[in-house]
Amino acid sequence: MYIIAGLGNPTKQYENTRHNIGFMAIDALADKYDINMIECKHKSLIGKGMINGTKVILVKPLTYMNLSGEAIRAVSEYYKIDETEELLVIYDDISLDLGQIRIRKKGSAGGHNGLKSIIANLGHDTFRRIKIGVGGKPEGYDLADYVLGHFNGEEIAVMKDSLERTQRAVNLILEGKVDAAMNEYNTKNRCKDMEENQK
């Protein structure tokens, strides 16, 4: 069994904001694999289902971003999982280009408050995560305003492609192929690489 948690903030005002890309990833997985996100427990909205033969619990913490760890700990303890092997967290990253994804088996919070909360509540940083790039904040922008801002039309198209790649990465991770997923997806946008090489 795997717990797949996407980070974000509940309530309508935060829908489709950069900080909620984790929630969007969970919604996309729920959609694709026909998993109903209808149970409210363990401080989360959860859905139970199967992804290609693996039992999964999809989780959207309802604690708001900065207290995400309270929900993750509650779900992890209830289902008695090994967080180092059976927990996958999906969240936004401003240090990555828009739409870029990066997979890690462990690591620090890197300034992300949701990750800080999870690490503090679990007592360790060894759990799998997929970071989805939302791009760095433009000069002069307040960071909170930027991450809580909405994607524009062009950005939505990029993020849709990113969520599809995230789904494929999730499948590899569920198959036990974490290293293969990292090799496949921990690269810059291939089109950008080609453009740079042609300069």
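Predicted model: local features only at pLDDT ≥ 70, side-chain atom pairs only at ≥ 80, totals over all residues.
Me: Which helix gives the most to the lining of the second largest pocket, and how do the lining residues divide?

Reply: Helix 1, residues 21-32, gives the most, with five residues. By class, the lining of the second largest pocket holds seven nonpolar, four polar and five charged residues.

Me: How much space lies in the largest pocket, and which residues are the closest to its centre?

Reply: The largest pocket holds about 470 Å³ of space. Its lining has 24 residues, and H19, G110, G111, H112 and N113 are the closest to the centre. Strand 5 (87-93), strand 7 (128-133) and helix 5 (143-147) are the elements that give two or more residues to this lining. The lining of the largest pocket divides into eight nonpolar, 10 polar and six charged residues.

Me: Let us turn to helix packing. At what angle do the axes of helix 1 and helix 6 cross?

Reply: An angle from 65 to 115 degrees counts as roughly perpendicular. The axes of helix 1 and helix 6 (residues 153-174) cross at roughly 65 degrees and come within 10 Å. Helix 1 is therefore roughly perpendicular to helix 6. Their crossing is right-handed.

Me: Which residues of helix 1 and helix 6 meet?

Reply: Helix 1 contributes I21, M24, A25, A28, L29 and K32, which meet M159, L163, Q167 and V170 of helix 6. This contact between helix 1 and helix 6 comprises eight nonpolar residues, one polar and one charged.

Me: How should I read the crossing angle of helix 6 and helix 7?

Reply: Over 145 degrees, a pair counts as roughly antiparallel. Helix 6 and helix 7 (residues 178-185) cross at roughly 155 degrees, and their axes come within 7 Å. The two helices are therefore roughly antiparallel to each other. Helix 6 passes helix 7 in a right-handed crossing. On the side of helix 6, R165, R168, A169, L172 and I173 meet V178, A180, A181 and Y185 of helix 7. The residues of this contact are seven nonpolar, no polar and two charged.

Me: At what angle do helix 2 and helix 4 pack?

Reply: Helix 2 (residues 68-79) and helix 4 (residues 113-122) pack at about 45 degrees, with their axes 7 Å apart. S68, G69, E70, I72 and R73 of helix 2 make the contact with G114, S117, I118, N121 and L122 of helix 4.

Me: How do the residues of the contact of helix 2 with helix 4 divide?

Reply: The contact of helix 2 with helix 4 has three nonpolar, five polar and two charged residues.

Definitions and conventions
Residues numbered from 1 in each chain as written. Heavy atoms only, no water. Axes fitted to C-alpha atoms, helices over the stretch in contact; angles between N-to-C directions. Helix = DSSP H or I, 4+ residues; strand = E, 2+ residues; numbered from the N terminus. Contact = heavy atoms within 4.5 Å. Nonpolar A, V, L, I, M, F, W, Y, C, P; charged D, E, K, R; others polar. 1 Å grid on protein atoms, 1.4 Å probe; cavity = no way out; pocket = protein on both sides within 12 Å on 5 of 7 lines; lining within 4 Å. Points joined across faces, edges and corners; volume = space filled by probe spheres on them. Parallel < 35°, antiparallel > 145°, perpendicular 65-115°, else oblique. Left-handed = near helix turned anticlockwise from the far one by under 90°.
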